[in-house]
Amino acid sequence: MAIPDGIKSIGDCNFWNYKNLNFYEYDNAYYLGNEGNNFIALVKPKNKFITSCTVHQKTKIICSGAFEDCIALTSVTFEGDSKLTTLDSYAFCDCFRLKNIVIPKSVQKLGYGVFCDCDDLKHIFYEGNKEEWEKVVRTIDWLRSPEGKKDEVYDDLTAYYSESKPDCEGNFW
């Protein structure tokens, strides 16, 4: 299976049960791609108990539900000059221990429930400026729980944007 370079989204696919696909490995994740780029779509972690993952610089999409139920995941890092454009629906759903995430400036779309039920998530950092953040397509329920829980879960969640890197020790932007 080859993923075309211009792909914007893969949709609601679960790749856990596909044994005959030729996945490419990088850090703690499996990817699908093509001859020119093996890392177009991050489709799943190596297992549901990883604690960290570095996303390859050439990745364009983190697929729907890719890290869903990774209950030990505390850190996601995007390599510099990231090509990531899409965080699909439920990409990080139920990652209970994820506290902070830095979204690359290249991201153009955040799908439904991307961070749903990430109970410890306190800070979302976006590497671009305010105008760029406002252009990111975010579904109305990009933070909402799939069960429709009240938004009080996210009362202490703060989203930041800036062109400089955050300091997750307290000096944000």
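View 1. Strand E2 (residues 29–32) and strand E3 (residues 41–45) run antiparallel and are joined by 4 bridges, where two strands are said to pair if DSSP finds at least two bridges between them. Strands (E, at least two residues) and helices (H or I, at least four) are DSSP runs, numbered from the N terminus. Both strands belong to an open sheet of 7 strands with mixed pairing, in the order E1-E2-E3-E5-E7-E9-E11. The edges of this sheet are strand E1 (24–26) and strand E11 (137–138), each of which pairs on one side only. Strands of a sheet pair through backbone hydrogen bonds, either parallel or antiparallel. Residues are numbered from 1 along each chain as its sequence is written. For this predicted model, local features need pLDDT of at least 70 and side-chain atom pairs count only at pLDDT 80 or more, while totals for chains, interfaces and linings use all residues, and side-chain values use heavy atoms, with hydrogens and water left out.

**View 2. Strand E4 and its parallel partner E6.** Strand E4 (residues 52–55) has a covered face, made up of Cys-53 and Val-55, and an uncovered face, made up of Ser-52 and Thr-54. E4 and E6 run parallel and are joined by 4 bridges, and in E6 the bridge partner of Cys-53 is Val-76. Cys-53 counts as buried because its relative accessibility is 1%, the classes being buried under 20% relative accessible area, exposed over 50% and partly exposed in between (1.4 Å probe, protein chains only). The closest cysteine sulfur to that of Cys-53 is in Cys-70, and because the two are 8.7 Å apart, they are too far for a bond.

**View 3. The disulfide between Cys-93 and Cys-116.** A disulfide is a pair of cysteine sulfur atoms within 2.5 Å, and by this rule the count comes to 1 disulfide. The sulfur atoms of Cys-93 and Cys-116, which form a disulfide, are 2.3 Å apart. The torsion about their S-S bond is about -95°, and the disulfide is therefore left-handed. Distant parts of the chain are linked in this way, with Cys-93 in the loop between E7 and strand E8 (100–103) and Cys-116 in the loop between strand E9 (109–110) and strand E10 (123–126), 23 residues apart. Both Cys-93 and Cys-116 are buried. Cys-95, by contrast, is in no disulfide, and the nearest cysteine sulfur, that of Cys-118, is 5.1 Å away. With a relative accessibility of 0%, Cys-95 also counts as buried.

**View 4. Aromatic pairs, one edge-to-face and one stacked.** Rings of Phe, Tyr and Trp (its six-membered ring) pair if their centres lie within 6.5 Å, with planes under 30 degrees apart counted as stacked, over 60 as edge-to-face and the rest as tilted; by this rule the count comes to 8 aromatic pairs. Among them, Tyr-31 and Phe-39 are edge-to-face, at 5.2 Å centre to centre and with 85° between the planes. Tyr-31 is buried at a relative accessible area of 0%, and Phe-39 is buried at 14%. The pair of Phe-67 and Phe-92 is stacked, at 5.2 Å centre to centre and with 5° between the planes. This pair links distant parts of the chain, with Phe-67 in the loop between E5 and E6 and Phe-92 in the loop between E7 and E8, 25 residues apart. Phe-67 counts as buried at 0% relative accessibility, and Phe-92 is buried with a relative accessible area of 0%. One aromatic cluster is formed by Tyr-24, Tyr-26, Tyr-31 and Phe-39.

View 5. Asp-69 lies in the loop between strand E5 (61–62) and strand E6 (75–78), and its phi is near 70°, a positive value in a residue other than glycine. Because its relative accessibility is 39%, Asp-69 counts as partly exposed. Asp-81, in the loop between E6 and strand E7 (86–87), has a positive phi of about 55° although it is not a glycine. Asp-81 is exposed, with a relative accessible area of 55%.
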